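Visitor: Take me through this model, please. I want each label set against its cut-off.

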Amino acid sequence: MSPIWSPLAFHALRHREPPRGVELYFADLTAFSSLSCNAAELELLSSAERDRADAMTAAQVRRDFVVSRILLRSVLGSRLGVHGGSLTFVLSEHGKPSISSADDSPPLHFNQSHSHGAWLLGLGFESAIGVDLETRRAVPNARRLAERVFTDCERAELAAAQLAAADADPPDEVFLRGWTRKEAVLKAAGSGFTWNAREVQVGTDRHARRVSLNRLPGQVASVFSVDLPVEGQAAVATLSNETDFAHGEFFELQA
């Protein structure tokens, strides 16, 4: 198989002081475009994944889907010591995938996100995990979206950014940072936006934060903003029992 561990195209992201049981991986999907037409790598995909790819008419969308699934299966297979093509995924009530296992071994939690050729994968060895990635872009409807998903405090932070001096973070970046943090928490919880996102206070800054989850009594989320080798915003969230919460800073790319 092609060397997916290429240091120029595939990076392992690590915390300065790694959170217990978390690994992150980043890839530039365009660097692996040959995987989307390589018969050996396509064999990693399930028949359902191949059928889904065949139904995609946009070449870039198909490429990103195929390559992200190949990389996902390759990384998971490597960490579990099995062939990636042998993995079976099941979906939760709200569509979050997990690995189907016939034995009682501890689950390997995972979550992935991709945006315009950038791909982020999070592995959680001890707890559920959620990741979200948005490459840098203009968000002309940021205020309207914020009304739907941001808390009062988060909307105030966005409004302050819109009034700030030129050397402050642009409002679109502030919005995307808050958005990725929000979505990472909701993905970790397995709910997605079936929950009222305004019930979850994640903030729009870069710092690690403890997030209360009223709909999961006894559980909290820790959310971190993530530095990537591309322009954009990304975040990682993990779940834990209230008594097990561990503080952290935030992730950065290791040279």
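Guide: Start with a strand pair. Strands β8 (residues 209–212) and β9 pair in the antiparallel sense over four bridges. The model is predicted: local features need pLDDT of at least 70, side-chain atom pairs count only at pLDDT 80 or more, and totals for chains, interfaces and linings use all residues. Residues are numbered from 1 along each chain as its sequence is written, and side-chain values use heavy atoms, with hydrogens and water left out.

Visitor: What makes β8 and β9 a pair?

Guide: Two strands pair if DSSP finds at least two bridges between them. Here there are four bridges, so β8 and β9 qualify. One of the partners is Val223 in β9, which bridges to Arg209. The hairpin of β8 and β9 has six residues between the strands, and Gly218 there takes a positive phi near 85°.

Visitor: How many bridges join β9 to β10?

Guide: Eight, and the strands run antiparallel; β10 covers residues 232–241. Ala221 stands opposite Leu239 in β10. A hairpin of five residues joins β9 to β10. Strands are DSSP runs of E, at least two residues; helices are runs of H or I, at least four; both are numbered from the N terminus.

Visitor: Why is β9 called largely enclosed?

Guide: Seven of the eight residues of β9 (residues 219–226) are buried, so the rest of the structure largely encloses this strand. Buried means under 20% relative accessible area, exposed over 50%, partly exposed in between (1.4 Å probe, protein chains only).

Visitor: What makes the pair of Phe89 and Phe110 tilted?

Guide: The structure holds three aromatic pairs. For Phe89 and Phe110, the ring centres are 5.5 Å apart and the planes stand at 55°, so this pair is tilted. Rings of Phe, Tyr and Trp (its six-membered ring) pair if their centres lie within 6.5 Å; planes under 30 degrees apart count as stacked, over 60 as edge-to-face and the rest as tilted. Phe89 lies in β3 (residues 89–91) and Phe110 in β5 (residues 109–115), so the pair ties together parts 21 residues apart in sequence. Phe89 and Phe110 are buried.

Visitor: Why is the pair of Phe175 and Trp179 tilted?

Guide: Their centres are 5.9 Å apart and their planes at 35°, so the pair is tilted. Both residues lie in helix α6 (residues 171–189), four residues apart, about one turn of the helix. Phe175 and Trp179 are buried. Ring pairs link Phe150, Phe175 and Trp179 into a cluster.
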